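This report looks at charged side-chain pairs and at one helix contact. The sequence and structure come first.

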Amino acid sequence: MPDAAADRYEELAGEAVPPAQATMEAPRRNHVLFVTVDQWPARLLGIAGHPVVETPTLDQIARVGTRYTNAYAECPICIPARRSMMTGTSPRGHGDREFQPALPMPAQLPTLAQSFRDAGYQTAAVGKLHVYPQRNRIGFEEALLAEEGRGHLGGVDDYELFLADRGYPGQQFMHGMSNNEYGWRSWHLPEELHVTNWTTWAAARTIKRRDPTRPGFWHVSYTHPHPPLVPLASYFERYRARDVDAPRMADWARDPEALPYAVRVAWNYWEQLPPAQLADMRRAVYALCTHIDHQLRILIGTLREEGLLDDTVILICGDHGDMLGDNGLYAKRLMYEGSAAVPMLLAGPTGDKRVGVGATDGRLVGLQDIMPTLLDLCGVPVPASCEGLSMVGERRREILYGESLVGAKATRMVHDGRYKLIWYPAGNRLQLFDLERDPHEARDLAAEPAHAQTLERLSRALAGQLYGGDEAWLRDGALVGMAEPALSSAPNRGLSGQRGLHYPPIPLTDPAKAVGSG
């Protein structure tokens, strides 16, 4: 192990513990710890220059590995994003660019877990899988689920069983906060019962209970900082006295009536929070992030004490981001940086020079690249069905294509590593951003003559990516889109999918019906 890498690992995990004597073990193969966080924007990392949020563990993992600075969710919505992670395919490949809660994983696509299992790995998942049927293991031999209160889909939720065993049956959502809105309050049950603590505890126990004769693939999926915004009081308190960065407001976003139709739909959906509440909402999100960051230390410590850390590939990423009030927008679905860009950190096993140490890599990365990367690092064959590229390989993509929703709410995007073109078919609207000079997307270049050639080049590239019903929005290969409908909104009687008392168990409902805002 190079001295510099060893020093960095010891900063993170303390003195190395020699591997336990394991005469029964087969020759060493890399283990994998694959961690996902939900709705965590790429910018919310100390090492990325964020002025407020504390992420010391993630920052240190970046220092012992590589941080990918152009990583995106091809479809920044929970279920499609996770399907890309688990199949190594784009939304076109796996069939979801909306939010289809009753859509099974495509049977013809080998999954990430299945590929590791078939290669002799012990595979386990803890936390949120977001698949249907809910307890479909998609190749995992063991799954302990925390599915954010989706009992209406018919699955048994292990976290809710845990709360019941501890004497709090059905009380996960008695804090009163919605899973899809931006009010907040501190956690209402004892600290050790928070879903972040449970996920860490269950994952650490799973690692300790491993089969010593097989390498391990452990997927740990945290449900926060996705709403409900219910941080532990101790974590909110550490941010209470701090000035919080204000949301950004670009000139092109100051008039909501002038926004593209799909953006106006999003702008109208969420309540515009006054400044003091908006600042506290951000504090609550940062508190949830720091809580997860500190809990990751327990997983690192468990790997270290079990003698596994030096032989473990660690990959940490988000499924998508959150606008958090920037340009008056909240949540996901949009192709702006706050929504579509995700944290992506990769630390290789000791001595594996394919993964840089303390490096940043600006190649264009999508969630579809996770599966081939992890398989590649472990010497497991990558299925031919994978569309993604290994993040430690030599191949680079020239264009990353992104898509979200269908019909009038649709958004499409192409990114060439510097310029990002966003297309809104409703109204045939285009936005162009130079992310090298304008990483916060403050200046829309689409109407500027100096950028006409870039606009034309990326428009052609985007048109070449369209498929299915989207092809009706083309004429002679050019983008023409569709007429912009009148803006309308239905009354939000369900408070964006507000959960209630979950004991006795909630009744089953139509699994195809999306709850809240997805």
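## Basis of the report

A salt bridge is a side-chain nitrogen of Lys or Arg within 4 Å of a carboxyl oxygen of Asp or Glu. By this rule the count comes to 36 salt bridges.

The model is predicted: local features need pLDDT of at least 70, side-chain atom pairs count only at pLDDT 80 or more, and totals for chains, interfaces and linings use all residues. Residues are numbered from 1 along each chain as its sequence is written, and side-chain values use heavy atoms, with hydrogens and water left out.

## Salt bridges between separate parts of the chain

Arg457 forms a salt bridge with Asp416, and the closest N and O atoms are 2.9 Å apart. This pair links distant parts of the chain, 41 residues apart: Arg457 belongs to helix H13 (residues 452–463), while Asp416 is in the loop between strand E12 (411–415) and strand E13 (419–424). Helices (H or I, at least four residues) and strands (E, at least two) are DSSP runs, numbered from the N terminus. Arg457 has a relative accessible area of 36% and is partly exposed; buried means under 20%, exposed over 50%, and partly exposed in between (1.4 Å probe, protein chains only).

A salt bridge also joins the side chains of Arg418 and Asp434, at 2.8 Å from N to O. Arg418 lies in the loop between E12 and E13 and Asp434 in strand E14 (residues 429–434), so the pair ties together parts that are 16 residues apart in sequence. Arg418 is partly exposed at 23% relative accessibility, whereas Asp434 is buried at 4%.

In helix H8 (residues 233–240), Glu237 and Arg240 are three residues apart, about one turn of the helix. Glu237 forms a salt bridge with Arg240, with 2.9 Å between the closest N and O atoms. Glu237 is partly exposed at 43% relative accessible area, and Arg240 is partly exposed at 45%.

## Helices H6 and H7

The axes of helix H6 (residues 158–165) and helix H7 (residues 195–208) come within 11 Å and cross at roughly 105°. Axes are lines fitted to C-alpha atoms, for helices over the stretch in contact, and angles run from 0 to 180 degrees between N-to-C directions. H6 and H7 are therefore roughly perpendicular to each other (65 to 115 degrees).

Asp158, Tyr159 and Phe162 of H6 make the contact with Val195, Trp198 and Trp201 of H7, where contact means heavy atoms within 4.5 Å.

How values were computed
Parallel < 35°, antiparallel > 145°, perpendicular 65-115°, else oblique.
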